[in-house]
Amino acid sequence: MRAIWKGALTFGLVNVPVKVYSATEDHDVPLHQVHNADGGRIRYQRKCEVCGEVVAYADIDKAYDDGEQTVVLTADDLASLPAERSREIDVVEFVPSEQIDLLTLDKAYYLEPDSTSPKAYVLLRKTLEQTDRTAIVRFSLRQKTRLAALRVRGDVLVLQTLLWADEVREAAFPALDESVRISAKELELSASLVESFASDFAPEDFTDEYQEELRTLIDAKLEQGDALDTSETFGETEEAETGGEVIDLMAALRASVERSRAARGGGKTEDEPAQKPAAKKPAAKKPPATKSDTKPAASSSKPAAKKAPAKKKAS
């Protein structure tokens, strides 16, 4: 990794020299635009409206237009701003970590100690860990004043920029103003569904399927050219159904719980004795099951042996 900025973390009279690195990177397959008629590459050029010449990026300044006048701001003008000249990351306050709204989190950066001794860096890291607080800092980077959260990730201090308060839109939806009644049973089934999906989050278990499929498509086209049959590459797929509103919420919840249990091998919950017969499609066996509720639960580990006797009782 290459450092994009150097400065110092400051809180009180403590000064912690650091190097700043981008903590994330884009894994998308790089694509460019071409003319569909002949495959010619489409390029965008910075062209001056006055002289018509293509202008190099180094020869471009910025300007502000208020509708009547235009003010040109050169690179030297922008570099003269006090905030831009500052190389300090100032700690403004230390706040409880739970007060940081995840919606406001933006770009993340790693901080590396940039001194002969990392003692001040380690001290700040341990202090944040022990107090369970996040440092709110201000600094300037790439011609912008940034507000950021300074937190700990493993042994590293992470700087994560925050959106300003006026950059977060207010969520005002009339439908949420209506009074909605949720029954205890619906809440119980919903909690059961959540429990059936419960797990510890492991980011490495998830992959970007679209990018993988895109790479597969590119490799296939490199090998077969325009004669490629995508149905042979990916198989025939049906369009997913979307847009249908759930009419019977209870039925949808029950079906979701049962399907999740079946997919995961089935972990029992308090609600399972009444639902498990439905999951194995013996709708007619449900009344007998309620009379001897303890028997099916005791023999649920051998469902194949239980099917035949249940049918005899029903007849």
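Start by selecting Lys185 and Glu188: both are in helix H4 (residues 184-196), 3 residues apart, or about one turn of the helix. Helices here are DSSP runs of H or I with at least four residues, strands are E runs of at least two, and both are numbered from the N terminus. Before you click on, note that this is a predicted model, where local features need pLDDT of at least 70, side-chain atom pairs count only at pLDDT 80 or more, and totals for chains, interfaces and linings use all residues. Residues are numbered from 1 along each chain as its sequence is written, and side-chain values use heavy atoms, with hydrogens and water left out.

Now show the two side chains. Lys185 and Glu188 form a salt bridge at 3.9 Å, N to O; the term means a side-chain nitrogen of Lys or Arg within 4 Å of a carboxyl oxygen of Asp or Glu. (Buried is under 20%, exposed over 50%, partly exposed in between, with a 1.4 Å probe and protein chains only.)

Next, select Thr161, in strand E9 (residues 156-162). Thr161 is buried, at 5% relative accessible area. Beyond its neighbours within four places in sequence, its contacts (heavy atoms within 4.5 Å) include Thr104, Tyr109, Phe139 and Arg146.

Last stop: Asp132, in the loop between helix H3 (119-131) and strand E7 (133-140). Check the backbone: phi of Asp132 is near 50°, a positive value in a non-glycine residue. Most residues other than glycine have a negative phi.
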